[in-house]
Amino acid sequence: MTKPPPRTQRNRASLAYKLRYATRNPDKIRTYLSRVSRDVKLRLANRGHVAYYRAVMRSDAAKSPEAAVGSSTRDRWLKLGQMQFDYLLQHGLKPGDRMLEIGCGNLRAGWRFIDYLDAGNYYGVDISPDILLAAQNTLVRQGLQDKLPHLSLVDDLKLSFLPERHFTVVHAHSVFSHSPIEVIDECLAHVGRVLAPDGFFDFTFDRTEGSEHHVLREDFYYRTETLTGLAERHGFTARFMDDWEELPHGQSKIRVTRPDA
Ligand SMILES: C[S@@+](CC[C@H](N)C(=O)[O-])C[C@H]1O[C@@H](n2cnc3c(N)ncnc32)[C@H](O)[C@@H]1O
């Protein structure tokens with residue numbers, strides 16, 4: 001069998017990719033087909049991406065909150081959270097930071113941020129009520145009630161209910177990898193209002209070096225220059241984080257700051 005192309009050159013939406021994948025993984029065909037059929041039903045029943053993806057999360061979180069945020073086992077959930085935490089610690093996070101986590105999920109990394117930051121300084125938002133309930137369970141399990149984190153349900157990424165220039169760190173891990181470009185555009189258009197003057201916004205994305213594409217409107221693949229260009233059009237400086245690439249993680253990371261930060 002020929003070797004599959006590197007991760008960033010695969011077009012997972014193409015028929016050729018799907019056929020090759022099915023040949024190599026016949027045991028996964030059934031699961032894939034049931035996912036296609038579920039997603040078609042959810043798309044018909046829910047207008048707009050946020051409503052659709054919220055329904056996907058409801059369905060996934062009912063089976064396993066860990067799997068719903070992308071970790072197939074508890075051990076992987078712990079390791080992936082640790083990886084996000086360690087990276088941010090090495091890249092500027094301080095206990096006094098005021099952090100906004102966009103798409104906080106069930107606090108895979110969030111509970112570590114909450115534990116580390118001064119009380120009251122963590123603010124998590126998510127579109128999924130089901131995953132926010134799972135986030136509360138994580139808080140209880142980790143005994144972090146006294147840290148008084150905020151967890152809020154959102155319907156969009158305008159962030160209009162949050163204060164101006166407040167957050168020194170904004171973080172979105174594995175959120176834009178599930179977002180169409182208009183959701184990312186909305187976020188970048190509004191995040192500057194809540195970001196402190198010397199703050200930064202780190203986000204991961206599924207990177208392609210070929211054509212941009214999506215799979216089932218669940219997973220979206222972007223070229224780096226699309227997202228850095230969008231950030232720059234919204235007045236930010238955008239930096240591709242090369243050292244994140246060295247970590248055992250399938251996504252890439254960009255940091256955006258104000259040009260004068
Ligand atoms: C793969 S999970 C990652 C969760 C968390 N960041 C982590 O690393 O564990 C993606 C999360 O983003 C949330 N999400 C997806 N689109 C969103 C949006 N437009 N606004 C806010 N949250 C979103 C989902 O509900 C889900 O909880």
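Residues are numbered from 1 along each chain as its sequence is written. The model is predicted: local features need pLDDT of at least 70, side-chain atom pairs count only at pLDDT 80 or more, and totals for chains, interfaces and linings use all residues.

**Exercise 1.** Determine how the axes of H3 cross those of H2 and H7.

*Solution.* 
Step 1. Helices (H or I, at least four residues) and strands (E, at least two) are DSSP runs numbered from the N terminus. Axes are lines fitted to C-alpha atoms, for helices over the stretch in contact, and angles run from 0 to 180 degrees between N-to-C directions.

Step 2. Helix H2 (residues 29-45) and helix H3 (residues 49-63) have axes that come within 9 Å and cross at roughly 135 degrees. H2 is therefore oblique to H3; angles under 35 degrees count as roughly parallel, over 145 as roughly antiparallel, 65 to 115 as roughly perpendicular and the rest as oblique.

Step 3. Arg38, Asp39, Leu42, Arg43 and Ala45 of H2 make the contact with Tyr52, Ala55, Val56 and Ser59 of H3, where contact requires C-beta atoms, placed from the backbone, within 7 Å.

Step 4. The axes of H3 and helix H7 (residues 129-142) come within 8 Å and cross at roughly 40 degrees, so H3 is oblique to H7. Here Met57, Arg58 and Ala61 in H3 meet Asp130, Ile131 and Ala134 in H7.

**Exercise 2.** Decide whether alanine 109 is buried or exposed.

*Solution.* 
Step 1. Alanine 109 lies in the loop between strand E1 (99-102) and helix H6 (110-116).

Step 2. Alanine 109 has 24 other C-beta atoms within 10 Å, so this residue is buried (20 or more means buried, 12 or fewer exposed, in between partly exposed, with C-beta atoms placed from the backbone).

Step 3. Leaving aside residues up to four places away in sequence, alanine 109 touches Gly81, Gln84, Phe85 and His173.

**Exercise 3.** Describe the shell around the ligand by class.

*Solution.* 
Step 1. The ligand is surrounded by 24 residues, each with its C-beta atom, placed from the backbone, within 6 Å. The closest are Gly103, Gly105, Arg108, Ser128 and His173.

Step 2. H3 gives the most to this shell, with 3 residues.

Step 3. The shell has 14 nonpolar, 8 polar and 2 charged residues; Ala, Val, Leu, Ile, Met, Phe, Trp, Tyr, Cys and Pro count as nonpolar, Asp, Glu, Lys and Arg as charged, and the others, Gly among them, as polar.

Definitions and conventions:
Two residues are in contact if their C-beta atoms, placed from the backbone, lie within 7 Å.
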